[in-house]
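Trainee: I have a structure to go through and some questions about it. Please take them one by one.

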There are 2 protein chains.
Amino acid sequence: MKVAVLGAGMVGRAIAIDLSNEHEVAAFDLNATNLEEIKKTGANVSVASADLSRVEEYGNLLAPFDIVVTAVPGFMGYKTLEAVIQAGKDVVDISFFPENALELETLAFRKEVTAITDCGVSPGMSNLILGRYNEEMKIDSFECYVGGLPVERKPPFQYKASFSPLDVIQEYLRPARQIEEGTIVTRPAMSEKEIVWFEEAGELEAFNTDGLRSLLFTLPHIPRMKEKTLRYPGHIDIIIAMQQAGFFDTAPLRINEADISPLDFTTRLLVDQWKLGPGEEEFTVMKVIIKGEGKTIEYHLFDRYDNATQTTSMARTTGYTCNAAVNLIANKLFNEKGIFPPELIGKNENCFEFVLEYLRSRNVIWRKNETAKTK
Amino acid sequence: MKVAVLGAGMVGRAIAIDLSNEHEVAAFDLNATNLEEIKKTGANVSVASADLSRVEEYGNLLAPFDIVVTAVPGFMGYKTLEAVIQAGKDVVDISFFPENALELETLAFRKEVTAITDCGVSPGMSNLILGRYNEEMKIDSFECYVGGLPVERKPPFQYKASFSPLDVIQEYLRPARQIEEGTIVTRPAMSEKEIVWFEEAGELEAFNTDGLRSLLFTLPHIPRMKEKTLRYPGHIDIIIAMQQAGFFDTAPLRINEADISPLDFTTRLLVDQWKLGPGEEEFTVMKVIIKGEGKTIEYHLFDRYDNATQTTSMARTTGYTCNAAVNLIANKLFNEKGIFPPELIGKNENCFEFVLEYLRSRNVIWRKNETAKTK
């Protein structure tokens with residue numbers, strides 16, 4: 001198959017390189033350095049400079065391709081996905097945009113396009129797993145804990161962003177929607193801190209973030225659903241303190257004859273510090289807990305930076321899930337038309353097993369644990 | 001006596017009003033609001049606008065007065081004190097400037113001036129107490145814990161500055177000099193955190209600040225001396241985190257076409273939040289611990305905001321100590337010529353008792369506790 005990868009950032013590059021083992025792949029980005037990084041690996045990926053904000057050119061740009069991957073920054077994700085669907089191409093998206101992808105359902109159906117959205121690790125794998133078990137049992141609750149963390153715990157933040165630092169800051173500020181007693185409730189971002197222990201990472205701190213996304217609308221009958229982000233203990237207290245102290249306020253202050261918002265200033269300081277440097281080791285840790293019918297199903301992931309290929313764990317866990325979905329389409333294992341967040345893919349047991357196996361073959365191992373409730 | 005009070009901020013005002021019970025007092029300040037605040041109380045204090053940075057005019061300005069109090073902001077304190085001595089006036093200073101007042105010794109001696117410096121609560125009372133016991137016993141160690149804190153613990157900082165917020169920020173950034181095994185050592189500001197329990201204030205957090213000042217030079221034979229600042233637990237962790245994250249860096253960043261240093265920006269945000277509002281209740285808590293000859297002497301202070309006169313505790317504890325020294329000079333209880341930090345006043349038992357009694361009469365109560373070392 002001919003696959004176009006739009007966006008060649010840290011994750012987009014890993015996607016293109018991995019897909020090139022089985023497909024004819026072209027990667028597009030405006031940033032020459034990103035494209036150069038792909039070439040340096042010697043992977044069989046053709047690269048081309050493209051201003052992906054010019055969505056009116058997608059018809060020509062994408063004409064030669066069978067399947068498209070959208071891996072652009074969140075702020076331009078929705079427009080990009082819409083334009084790919086408009087161009088009539090099957091697509092897998094991992095852009096993590098704030099808008100609701102389900103609003104493109106009519107367009108996708110009309111264009112006879114298969115669009116698999118939010119198909120990374122979280123959102124992504126968490127949705128896929130929930131979608132599978134929703135077919136098997138009556139679910140009482142769903143919890144997802146996920147974090148991408150650096151191995152080195154450098155004070156004060158003990159954090160590096162394995163995706164855009166700007167998106168991380170936005171994630172810290174956006175109120176978190178959850179399902180409680182069957183109703184959508186909104187919690188403050190970063191609220192309900194708790195310490196959670198992980199075998200490989202030790203004690204981490206979890207707090208509310210707005211990670212449920214499509215699940216709020218596709219599986220609203222599940223009475224309790226929440227998503228929490230994981231960081232080293234202490235990290236989020238600093239962010240909360242800074243928020244309380246006004247460091248994320250958006251109203252500009254007049255200072256040295258310039259108007260600057262605290263958010264702009266703080267972002268400037270944090271983005272520099274949170275940028276994951278080349279070769280900096282990180283890992284992804286994640287736990288999905290599904291309860292119902294007297295039992296508890298846990299899916300657990302711990303994945304490390306790959307030193308040999310210098311691929312971040314976040315790129316591996318996100319990108320290879322995306323690629324599993326590309327292959328679902330390529331192999332015609334999934335060919336329904338419309339918008340499909342991964343919980344709708346997971347309904348199909350073959351698709352679910354295919355994705356897990358695809359990840360396993362790349363050493364991204366999901367461990368399952370099932371326990372009966374003790375009375 | 002005729003007393004001039006230079007600076008009519010929160011502390012200077014309390015000094016002028018208190019002194020007016022026994023003396024003919026004039027208060028000088030450039031800030032009309034500060035002078036207005038004095039007039040509103042109905043105290044018998046004459047007020048006059050004066051640009052106190054114009055030190056060349058001090059000769060005329062101070063000619064009518066017998067004694068001068070300098071209560072200006074730290075950054076202009078040294079020049080102010082020097083000019084007062086140059087004008088030949090006895091003086092008590094509480095400006096808390098970074099320079100070493102002892103360098104004015106020759107000038108003060110030549111001008112036959114009695115200058116009592118750093119004569120507030122800390123520095124001030126801590127020095128006085130140490131100076132007294134240094135006459136009585138061989139001291140092994142001196143520790144001083146001091147904090148001015150708001151009653152309301154508003155997150156994230158749980159802090160309001162009972163003196164200039166700018167001076168507080170400087171105090172957090174200046175390395176702390178201590179005496180260890182008879183040698184001056186320098187510790188990072190905010191280091192060596194510990195929790196200390198106070199009967200009236202509960203658990204507070206203490207950390208190193210550069211508060212020993214003149215003691216480093218006047219009593220260098222004491223083998224161990226340290227000063228620590230008290231805050232509600234958690235406060236200083238946020239400051240430390242912000243410092244580590246670069247929020248106090250002085251190198252300007254280019255942002256929105258302006259050059260702004262993180263320190264300037266952060267200061268701007270903090271000064272607004274740390275300003276003690278009118279009527280906001282605060283307290284001063286302090287503990288001086290002197291050990292030697294098998295015993296431990298503790299002096300302990302807990303003083304609250306005075307609702308009746310709307311006088312802050314910091315103004316009471318600092319200002320009334322200053323006024324006790326003014327009366328030491330006025331009553332000729334102390335008339336040596338030169339620069340005298342309070343440890344040199346405390347050598348004289350009558351002076352020491354006079355200051356404690358002066359404070360007691362204003363309900364600023366120092367409690368003493370002496371214990372023999374248990375073997």
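Trainee: Is Cys351(A) buried or exposed?
Mentor: Keep in mind that this is a predicted model. A residue counts as buried under 20% relative accessible area. Cys351(A) has a relative accessibility of 0%, so the residue is buried.

Trainee: Which cysteine sulfur is nearest to that of Cys351(A), and how far away is it?
Mentor: A disulfide needs two cysteine sulfur atoms within 2.5 Å. Cys351(A) takes part in no disulfide. Its nearest cysteine sulfur is 11 Å away and belongs to Cys119(A).

Trainee: How many disulfides does the structure hold over all chains?
Mentor: A disulfide is a covalent bond between the sulfur atoms of two cysteines. Cys119(A) is in none, and the nearest cysteine sulfur to it, that of Cys322(A), lies 6.2 Å away. Cys119(A) is also buried, at 6% relative accessible area. Over all chains, the number of disulfides is 0.

Trainee: Which helix of chain B holds Leu216(B)?
Mentor: Leu216(B) counts as buried, since its relative accessibility is 3%. The helix that holds it covers residues 215–218 of chain B and is α8.

Trainee: What is the separation of the C-alpha atoms of Leu216(B) and Ile179(B)?
Mentor: Leaving out residues up to four places away in sequence, Leu216(B) touches Arg177(B), Gln178(B), Ile179(B) and Ile184(B). Along the chain, Leu216(B) and Ile179(B) are 37 residues apart. Their C-alpha atoms are separated by 7.3 Å.

Trainee: What kind of axis relates the two copies?
Mentor: Chain A is superposed on chain B by a rotation of 180°, with 0.0 Å of shift along the axis and an RMSD of 0.0 Å. The copies are therefore related as by a two-fold rotation axis.

Trainee: Why do the copies meet through the same surface?
Mentor: Compare the interface residues of the two chains. The copies meet through the same surface because the interface residues of chain A that are also interface residues in chain B amount to 100%.

Trainee: Over the ring of which residue does the charged end of Arg362(A) sit?
Mentor: In chain A, Lys287(A) lies over the face of Phe198(A), 4.9 Å from the ring centre. The charged end of Arg362(A) is 3.8 Å from the centre of another ring, that of Tyr358(A).

Conventions
Residues numbered from 1 in each chain as written. Chains lettered and ligands numbered in written order. Predicted model: local features only at pLDDT ≥ 70, side-chain atom pairs only at ≥ 80, totals over all residues. Heavy atoms only, no water. Buried < 20%, exposed > 50% of the residue type's maximum accessible area, 1.4 Å probe, protein only. Helix = DSSP H or I, 4+ residues; strand = E, 2+ residues; numbered from the N terminus. Contact = heavy atoms within 4.5 Å. Least-squares fit on C-alpha atoms with pLDDT ≥ 70 in both. Lys NZ or Arg CZ within 6 Å of the ring centre and 35° of its normal.
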